[in-house]
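Me: Please pick one part of this model and take me through it closely, then show me what lies around it. Give the cut-off for each term as you go.

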Amino acid sequence: MKKITVIDGQGGKMGKAIVEQMKKQFPRQEILAIGTNSTATAAMLKAGADFGATGENPVIVAARDSDLIIGPIGIVIADSLYGEVTPAMAVAVGQSRARQLLMPVNRCNHQVVGCNSLSLNEMIAQVIEEVQNCLQP
């Protein structure tokens, strides 16, 4: 079984939606939810994540041995998510050997040019498709 980590911040809306869809599609897959704040962590746990943690050190530790990291693109940009992503978090995720599924959320002064403006549900559908590809032996 692969180690899947979902990282989110702010209110955890994106992470919550990802965890809900992942649990529907892959009910036996364990999911670690890491929030940059306790509100985001709580939202992802409520959505069905198996484990949860909050803050910089859990991101750094999970980045070491995760197989797949899912979250907004801001998790690899220092000081993004209105300052919730520390430089150490961004470096840990960016240098992780894990496959990273980063969703292009064009907020917080970061715009990903060339990406289609998809709804959150459309982005999550694409994430679920990529996870399916990753989980296949």
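Reply: N37 caps the N-terminal end of helix 2, with one of its side-chain oxygens 2.9 Å from the backbone nitrogen of T39. This is a polar contact, a pair of N or O atoms within 3.5 Å; within protein, one must be able to donate a hydrogen and the other to accept it, and residues adjacent in sequence count only if both atoms are side-chain atoms. The model is predicted, so local features need pLDDT of at least 70 and side-chain atom pairs count only at pLDDT 80 or more, while totals for chains, interfaces and linings use all residues. Residues are numbered from 1 along each chain as its sequence is written, and side-chain values use heavy atoms, with hydrogens and water left out.

Helices (H or I, at least four residues) and strands (E, at least two) are DSSP runs, numbered from the N terminus. In helix 2 (residues 38-46), the buried residues are A40, T41, A43 and M44. Buried means under 20% relative accessible area, exposed over 50%, and partly exposed in between (1.4 Å probe, protein chains only). Viewed down the axis of helix 2, the buried residues fall within an arc of 160°, so they line one face of the helix. The arc is that of the directions from the helix axis to the C-beta atoms. S38 and K46 are exposed and sit on the face turned away from the buried side. Strand 1, helix 1, strand 2 and strand 3 are among the elements that cover the buried residues of helix 2. Just after helix 2, G48 takes a positive phi of about 120°.

Leaving aside neighbours within four places in sequence, K23 is in contact (heavy atoms within 4.5 Å) with Q29, E30, I31, G48 and D50. A polar atom of the K23 side chain lies 2.8 Å from the backbone oxygen of Q29. K23 counts as buried because its relative accessibility is 17%.

Two strands pair if DSSP finds at least two bridges between them. Strand 4 (residues 68-72) pairs with strand 5 over five bridges, and one of the partners is R99 in strand 5, facing L68.
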